[in-house]
Amino acid sequence: MEPHVPTDAGHWIAALSSIVILLILLIGLRWKSTRAAPVGLLCAVLVAVVLFRTPIHTIVTAGGKGLWEAVFVLYVIWPALLLYAVADRAGAFHALRAGILRFSHNELFLVLSFGWVFASFLQGIIGFGVPIAVVAPLLVALGVRPIYAVAMTLIGHAWANMFGTIAVVWLATNQVIDIADPRATAAQTAVLLWIVNLGAGLTIAWLYGRWSAVRHALPMILIVSLIHGGVQLGLVLWNPIVSNFIAGTIALLVLYPLSRWSRYDEAHGEMQRPAMNSSKSGDRDQESTGPPTEKSKDREPIMGLTMATFPYLALILVTLGVLLVPAVERALGAFAVGVPFPETSTGYGVTREATDAHAPFAVFTHPGTFILIATGITWIVYRLRGYFESWARMDTPEGIWKGVTDGALPASVAVTAFMIMATVLDNSGQTRTLALGIAAFVPPVGYAFLANVIGVVGAFTTSSNTASNVLLSGLQQDVARLQALPEASIIAAQSAGGALGNAIAPANALLGTGTAGIVGREGAVLRKTFPYVTVVALIVGAATVLLVTLTA
């Protein structure tokens, strides 16, 4: 039976209320996510019970699903924090900063290389929040203020969500809906993602040093974006599964010749640098303290650049060793874990079927497992080389486990609340009301303009491009047919919006604040990323209207 959720203004505003309240608390009132997330969850539950005829049984079941889905995310956060702690306690970040600054004296080039190019590369091969958890502390080691480091990473990796990680979102979208013209849909999605990518490069440069930085970095940004967006666009017509990985790898390799260009080899001219620890800024969001490695800037590194990057080289090799060998991936991926849940329904006919294994994930091919293996290898190598003892004599680092729990415990509370809130919104029909309400009161051209915004909202609430597309692609497809809009353009807009929304997803922000040492400052991070998402969503909306006009 097709659900008949209400789409009147009152129910639509009510369905939106928990999201608006969450944004106000995080961005407007500067609450920590550990306080804001439970309030948003409570609002979603109250609206579901009072206005969306949702039984308590459905709420409890949705909460169980959200808790299980949180496990998937937390299995990235805890191992990532462990990897960070092991590297930091061995003095790797201090050595990394010193080694990278010898590679290039141009801070802006390095910030773009890590925050945009390397983050995109990692999203192309592993994804699932790993780029955020890994790159944010690397930027902090370069001297980027932690809030800016997390914001830059969120912005830099977002475009690669759709076709990255061996195109997992694209494959999931094809599973939940029957795409009439996959080739056209993939091509139009790549076009819209190119806009997201170019906007990311420009925004990261602007965050670093405003318009002076944008002007200085513009040639690099155009070259990298041409590779990222252009190569991906060309390859999705051949094989979407490897399109982002190949584009990201080429862009990473191009960094070397770019670093030899005198424009980016030498230090740039004087400019305002609000993103850097060495600059003075009146920004209310700035931290007064830097990362632990900042205490020892004046000390000689105890390892070279190769050993400092060893944890991340190990992570890349472990990941590629599994994912690029089909027989190994099949064997390890055969063991999947899921939790059974009963069927649920609401008074408006929103039904979720019973399942024997909700949201199963393959433990041995999960990114958290790859990080744990890389961490174990790193710990053994660093221990054998005596780095922990050597760094302990120069500094007084706290224990590894304390460093992990200090960040992971508060992050776990917030992530769990966010994920439960997302499942309550979905299982009660509030997400469906938001999308159908727009379709009911907006003309076809207006809907085309706003289609990517629906994807953004989906990613904001679920912190996942995959979940956004799985939940909303069928709805977008139905509306496209009802309003006689080209299906390929609307699904492309949904997919681009789902990728873009990752830059403002609170749970994603927590992945970065945890490893950057600023858990609780997620609102400050979102204040940096929200303008980017807003502006790019408007541009993507206009581009979608153009695609609709050209392909109708």
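Is Glu389 buried, partly exposed or exposed?

Modeller: Keep in mind that this is a predicted model. Glu389 has a relative accessible area of 33%, so it counts as partly exposed. Its salt-bridge partner is Arg383, with the closest N and O atoms 2.5 Å apart. Arg383 comes out at 34% relative accessible area, so it is partly exposed too.

That pair belongs to a set of six salt bridges in the model. Another one joins Arg273 to Glu107, with 2.4 Å between the closest N and O atoms. Here the two residues come from distant parts of the chain, 166 residues apart. Arg273 sits in the loop between helix 11 (262-265) and helix 12 (305-308), while Glu107 is in helix 5, which covers residues 107-125. Arg273 has a relative accessible area of 19%; buried means under 20%, so Arg273 falls on the buried side.

Then there is Arg352 with Asp426, whose side chains meet in a salt bridge at 2.9 Å, N to O. Arg352 lies in strand 3 (residues 351-352) and Asp426 in helix 17 (residues 400-427), so this pair ties together parts that are 74 residues apart in sequence. The two ends have their own levels of cover: Arg352 is partly exposed at 25% relative accessible area, whereas Asp426 is buried at 13%.

Now for a charged residue without such a partner. Asp265, in helix 11, is buried yet has no salt bridge. The nearest side chain of opposite charge belongs to Arg260, 4.0 Å away. Leaving aside neighbours within four places in sequence, Asp265 is in contact with Phe103, Ser104, His105, Asn106, Ser259 and Arg260.

Asn244 has 1% relative accessibility, so it counts as buried. Not counting residues up to four places away in sequence, Asn244 touches Ser120, Gly124, Trp159, Ala160, Phe163, Gly164 and Gln232.

One more arginine deserves a look, this time for its backbone. Most residues other than glycine have a negative phi. Arg30, though, has a positive phi, near 60°. Arg30 lies in the loop between helix 1 (9-28) and helix 2 (33-51), and at 33% relative accessibility it counts as partly exposed. Ala484 also has a positive phi, about 55°, although it is not a glycine. Ala484 is found in the loop between helix 20 (465-482) and helix 21 (487-500), and it is exposed, with a relative accessible area of 67%.

Stepping back to the whole chain, there are 23 helices and four strands. The radius of gyration is 23 Å, close to the 24 Å that the globule rule gives for 552 residues, so the chain is as compact as a globular protein of that length. Buried residues make up 60% of the 552. Among contacts with a separation of 6 or more, 82% are between residues 24 or more positions apart. As for the charges overall, there are 31 positive and 28 negative ones, and their mean positions are 8 Å apart.

Key:
Residues numbered from 1 in each chain as written. Predicted model: local features only at pLDDT ≥ 70, side-chain atom pairs only at ≥ 80, totals over all residues. Heavy atoms only, no water. Buried < 20%, exposed > 50% of the residue type's maximum accessible area, 1.4 Å probe, protein only. Contact = heavy atoms within 4.5 Å. Lys, Arg positive; Asp, Glu negative; His and termini not counted. Rg over C-alpha atoms; globule rule 2.2 N^0.38 Å. Charge placed at Lys NZ, Arg CZ, Asp CG, Glu CD.
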